[in-house]
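Student: I have not worked with this structure before. Could we go through it in questions and answers, beginning with the whole chain and then turning to single residues?

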Amino acid sequence: MHVLSVSSLKGGVGKTTVTLGLASAAFARGVRTLVVDLDPQSDVSTGMDIQVAGRLNVADVLANPKEKVVKQAITSSGWAKVHPGTIDVMIGSPSAINFDGPHPSVRDVWKLEEALATVEADYDLVLIDCAPSLNALTRTAWAASDRVIVITEPGLFSVAAADRALRAIEEIRRGLSPRLQPLGIVVNRVRPQSIEHQFRIKELRDMFGPLVLAPQLPERTSLQQAQGAAKPLHVWPGDSAQELAADFDALLDRVIRTGRIELPES
């Protein structure tokens, strides 16, 4: 089971929509996928059409990461009605904010890792939608992860945030979890005609070289529309949606190669 955190230290760069795009690509490919909604805003849970009534959630898991609690906090996404496959969600909750203090104990940092170990046989890929800060929730996610993908946009402050994120990943790799590595930086919401955007992308490439992943993701409304309708991008109609789906397929290829994920026989 390969665990990938989707992170940004700056809000509003489309981190959750990238998580949903990758989840849609994985589901279309037949990869058994669990999405952990660790952002207290819980937008991933909404976008993946889940029923939360009567179920536990990620806050319960962080309080008690035992198998029984973990299984009760995971539910199948409504996407599973679209076509067969495993696409599950560990349900998000605003209560997760109670676990997001600035100085987590070592015991707390490993709770998600402990929880995911109980479902290791059930999934090929885990995507964690992280909180947009570097407090306890993000550290907990990274401690449970093999790789982190950093989401940014082509703007002045986002470049600085990507730099901060990569430094923080290195700090956690050294101090806590030696297996942790950055997968790379995804530049989201790109307008190819914008000179400012092209300048910022060049700046990112000059700073981070091959860590800046291709393709960059263009600014498109189709992803927001699919998200609003709680449908996977890969079944959303229109050329714009299909072009964006192809971009997410290419990013997923990188995840699959890096994580040595075995694909199902087609």
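**The chain and some of its residues**

Tutor: This is a predicted model. Of the 266 residues in the chain, 54% are buried.

Student: How many helices and strands does the chain have?

Tutor: Both kinds of element are present in the chain. The count is eleven helices and seven strands.

Student: How does the radius of gyration of the chain relate to the globule rule?

Tutor: For 266 residues the globule rule gives 18 Å. The chain is close to that value, so it is as compact as a globular protein of that length. Along the principal axes, its C-alpha atoms fill a box of roughly 50 × 40 × 35 Å. The radius of gyration itself is 17 Å.

Student: Among contacts between residues at least 6 apart in sequence, what share joins residues at least 24 apart?

Tutor: The contacts in question are those in the chain between residues at least 6 apart in sequence. Those that join residues at least 24 apart make up 78%.

Student: How far apart are the mean positions of the positive and negative charges?

Tutor: The chain has 28 positive and 31 negative charges. Their mean positions are separated by 3 Å.

Student: Is Val150 buried or exposed?

Tutor: Val150 belongs to strand β6, which covers residues 147–152. Beyond four places in sequence, Val150 touches several residues, including Ser7, Ala162, Leu166 and Val186. Its relative accessible area is 1%, and a residue under 20% counts as buried, so Val150 is buried.

Student: What distance separates the C-alpha atoms of Val150 and Glu243?

Tutor: Along the chain, Val150 and Glu243 are 93 residues apart.

Student: Which residue has a side chain joined to that of Arg200 by a polar contact?

Tutor: Arg200 sits in helix α9, residues 195–208, and counts as buried because its relative accessibility is 11%. Leaving aside neighbours within four places in sequence, Arg200 is in contact with Pro154, Gly155 and Leu156. The polar contact, at 2.9 Å, joins its side chain to that of Glu203.

Student: Where is His197, and is His197 buried or exposed?

Tutor: His197 is placed in helix α9. Not counting residues up to four places away in sequence, His197 touches Pro154, Arg189, Val190 and Arg191. The relative accessibility of His197 is 8%, so this residue counts as buried.

Student: What is the phi of Ser42 near?

Tutor: Most residues other than glycine have a negative phi. Ser42 lies in the loop between β2 and α2 and counts as buried, with 10% relative accessibility. Its phi is positive, near 60 degrees.

Student: Is Arg260 buried or exposed?

Tutor: Arg260 is in the segment after α11. Its phi has a positive value, near 50 degrees. The relative accessibility of Arg260 is 74%, and the cut-off for this class is over 50%, so Arg260 counts as exposed.

How values were computed:
Residues are numbered from 1 along each chain as its sequence is written. This is a predicted model: local features need pLDDT of at least 70, side-chain atom pairs count only at pLDDT 80 or more; totals for chains, interfaces and linings use all residues. Side-chain values use heavy atoms; hydrogens and water are left out. Helices (H or I, at least four residues) and strands (E, at least two) are DSSP runs, numbered from the N terminus. Buried means under 20% relative accessible area, exposed over 50%, partly exposed in between (1.4 Å probe, protein chains only). A polar contact is a pair of N or O atoms within 3.5 Å; within protein, one must be able to donate a hydrogen and the other to accept it, and residues adjacent in sequence count only if both atoms are side-chain atoms. Contact means heavy atoms within 4.5 Å. The radius of gyration is taken over C-alpha atoms; the globule rule is 2.2 Å times the number of residues to the power 0.38. Lys and Arg count as positive and Asp and Glu as negative; His and the chain ends are not counted. The place of a charge is taken as NZ of Lys, CZ of Arg, CG of Asp or CD of Glu.
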